[in-house]
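Hi,

Here is the structure I promised to pass on to you.

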Amino acid sequence: MGKNRCAGVPKAIFLFADPPGLPRTHVFQGYVRLQNFFRHDLNAHKRRTGRSEPRCFSDVVIVVIARRLAVKLTCVLPVPDQSGQVMRRIFQRRVALFVAVALVTAGINAGQQPPSKSKRPPDVQNTATIEGVVIYKPDSERPWRYARHYVQDRNRGHLAETVVALVAPDWQEPGPPRRQTTSVIDQENFAFIPETTAIRAGDRVKFKNSDQAVHNVNSFAAGNEFNVNMPAGGEHVETFSGAGGIGDPVIIGCIYHSAMRAWVYVFAHPYYQVTKSDGRFRFKDVPSGKYMLEMIHPAGKLHWKKSLQIKAGEQLTFDVTVSPDNKVKSIRFRRSKGRKKPQHDREKTHD
Amino acid sequence: MTKQVTSRRGALKTGSAVATAVLAGMSMPDFVFPGQQPAEELVPFLNMPRTGPNRLDWETLDSWFTPQDQVFSVQHYGIPEFDTENHQVEVTGLVDRPGTLTLDQLRDLPKKDQLMTLECSGNGASKGFMNAIYNSRWTGTPLAPILRSCGIKPEAKEVVFFGVDRKEETLREGTNSELKIEVPFGRSMSVQDALNLDLLLSYERNGEPIESRNGAPVRLIVPGWYGIANVKWLRRIELRDGRYMGRYMGRDYVTVRGERHGNEVVFVESSVTKMRLKSMVARVTRQAARDGNVPTKAYGAVWSDGTEVKRVEVKVDDGSWREAALDKEPRSKYCWTFFSIDLGALQPGKHTVVSRAIDVKDRIQPSTEDEEIALKKTYWEANQQWVREIELEV
């Protein structure tokens, strides 16, 4: 890890440091999970309040107490003979582990309950499906020389590495409780792979350096700022909290190699996809309502959008066809509140 | 929802299917290297990053003059914001008649075009920095007559060029005598070089006003020298009687290279100045396989500090060096020259392709194993041969 951002974590470990009845390996795994949990939680907490103390301190206490109770529960079983005592110890450990893991998991899920009071996405019972293909239509008068990286089938023009998303103005929160996921962005052959990633707010991205050279990974986006050196083989995990949506990606760079770039699109809802080489996208269980279907290709600076009125039970199909006419000056066209344009002047090392 | 985590290695493992699909789908290439036949199709280099914006895209190199959207720019003190319309260039120091030149006065002086390939001295140091080079026409007025008209005093030895850009520098960092001081960006050369190297005070590039990031409104152009010498946002020209040792002359952009003296290797520090002899395979193309082998050609560019290039040679795998054909035109002394070579029908599979340049002084572009590169401890002046990797499918 590149930096210690979590001054409150040792407290949590201290409380967790006396777990009777569990093998040490499981205790260690518990530490790791709790550390990860608190790193995420503290990160969000610190950004909101400027302080490092755990917001969910009581969650730790609950977990530790519950685990002690679980162990005591197994202790009230009748005392068996010598062989049975061995069995009881094994049983005791298994029950304690089960309860502990369940509680830790519950704690994580509880910790991800959104604090926002804004509206959730509409009822998922009343849903439709939207699917389609993103197609790039070239113009020989205005050639896009980098199209070769993104359009593998020139005859069909299927455009890869676009972000397609539904946009509704009242989606402001992550939605129902869910497990935090971790995407991977590697630094390999002096490039971020993949270049374009889309995640939910609160998800993590693990950055890796598979090159032998020293790299760096940074973002100067307000709310998602970090700047970490990456030695060969290094890793860094970052949690992205602010949802900039399709109009305000987190731009990732390497301070030592300015040509290296990547985009992380952070959404407050689940209706987003990054197209593969077939250009296809599909959203199912879309609640009825009014939406904007938007597509952005950050490397090509291509933007497309269409307003939709979706009714329950519909299955809509769209071919999103873009050309140089869809070129935009900037891929950051819709800034969320509190996120400002970065003013940092990245240091350069060559001339 | 969907996450796309694509490994480049994984992509390469399926390279055959993908390459076949790409080649089948390419009815006509969008970009054609001069001399390339329509039936030729690009063979992508393996293990290379995609080219970013404002960098030369080698694989689609199609123009002797580099398009503006592929022109790199690097600034160490940031792009300065200042009144460019009323900008003046000052000539001062050890001259009899110091003075200033407004932009209108500069434009009224004799106009000259300078064709030049401008390369960053770190270009080629790693695969992450391979694209910082461009070729263009700079228009301005020659500097030498201006210096002479100001009356160069006999004691003047050095000409220093200062830009508008400034930054705080720290000297003796971490010591008791640490000093922080704001300085302008500066580079220098001898008076003799300043009078004889066809220096230009340039205000146009490719017939258009210079872009801000490329040094508007006035940039010093030093044909045959690395990019760092071409001072952007030129503000002041000062003649001095001693060495100027600013950061970018004395502490940075200093090449440390080991030289053999008998059995001893002596490391010598020198300021980055003249461009070194260099060539690069820009792209490899193929045609449809015949009898199980793939007809293949290579195209590239060669450049130097203005010293004439005698020939370029290309080698496939561990084969012998074969001479490439240098384009007869377009050519200009300080510009790159394009070359091409028919590599013949190669067997399917992975290959390496590399070029080397040889000039009229019989200097040979070194490989990474040659001591000229192997004993170089800094990344500037990175003119080593660059080995391209390709994979051919039937």
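Below is what I found in it, one chain after the other.

First, some housekeeping. This is a predicted model, in which local features need pLDDT of at least 70 and side-chain atom pairs count only at pLDDT 80 or more, while totals for chains, interfaces and linings use all residues. Residues are numbered from 1 along each chain as its sequence is written, and chains are lettered from A and ligands numbered from 1 in the order in which they are written.

**Chain A**

Chain A has five helices and 16 strands. (Both are DSSP runs numbered from the N terminus: helices are H or I with at least four residues, strands are E with at least two.) Of its 351 residues, 39% are buried. Here "buried" means that 20 or more other C-beta atoms lie within 10 Å of the residue's own, "exposed" means 12 or fewer, and "partly exposed" is in between, with C-beta atoms placed from the backbone. If you take contacts in chain A between residues at least 6 apart in sequence, 71% of them join residues at least 24 apart. (Two residues are in contact if their C-beta atoms, placed from the backbone, lie within 7 Å.)

Now find the open sheet of four strands in chain A, which runs in the order E4-E3-E6-E9 with mixed pairing. (Two strands pair if DSSP finds at least two bridges between them.) Strand E4 (191-193) and strand E9 (235-239) of chain A are at the edges with a single partner strand each, so one side of each has no neighbour in the sheet. From one strand to the next, the twist averages 25°. (That comes from axes, which are lines fitted to C-alpha atoms, for helices over the stretch in contact; angles run from 0 to 180 degrees between N-to-C directions.) Inside this sheet, E3 (residues 182-188) and E6 (residues 204-209) of chain A run parallel and are joined by six bridges. Thr182(A) sits opposite Arg204(A) in E6(A).

Next, look at strand E7 (residues 215-219) of chain A, where four of the five residues are buried. E7(A) pairs with strand E8 (residues 226-230) of chain A in the antiparallel sense, over five bridges. Val217(A) has Val228(A) in E8(A) as its bridge partner. The hairpin of E7(A) and E8(A) has six residues between the strands, and Gly223(A) takes a positive phi near 95° there.

Strand E5 (residues 196-200) of chain A also has four of its five residues buried, so it is largely enclosed by the rest of the structure. E5(A) runs parallel to strand E11 (residues 261-267) of chain A, with five bridges joining them. Thr196(A) stands opposite Trp263(A) in E11(A).

Is His303(A) buried or exposed? His303(A) is buried, with 21 other C-beta atoms within 10 Å. Leaving out residues up to four places away in sequence, His303(A) touches Ile296(A), Asn326(A) and Val328(A). His303(A) and Asn326(A) are 23 residues apart in sequence, and their C-alpha atoms are 5.5 Å apart in space.

**Chain B**

Chain B is divided into domain 1 (37-63 + 274-392) and domain 2 (71-252), with bounds from an automatic or database domain assignment. The C-alpha centres of domain 1 and domain 2 of chain B are 31 Å apart. Across the boundary, 23 residues of domain 1 of chain B are in contact with 23 residues of domain 2 of chain B.

In helix H4 (residues 143-150) of chain B, the buried residues include Leu143(B), Ile146(B) and Leu147(B). They cover an arc of only 95° around the axis, which puts them on the same side of H4(B). (The arc is that of the directions from the helix axis to the C-beta atoms.) The face of H4(B) turned away from its buried side carries exposed Pro145(B) and Arg148(B). Just after H4(B), Gly151(B) has a positive phi of about 80°.

Most residues other than glycine have a negative phi, and most peptide bonds are trans. The bond from Ala216(B) to Pro217(B) is cis, with omega near 5°, and the bond from Glu329(B) to Pro330(B) is cis with omega near 0°. Asp317(B) is not a glycine but has a positive phi of about 50°. Asp317(B) counts as exposed, with 12 C-beta neighbours inside 10 Å.

Cheers
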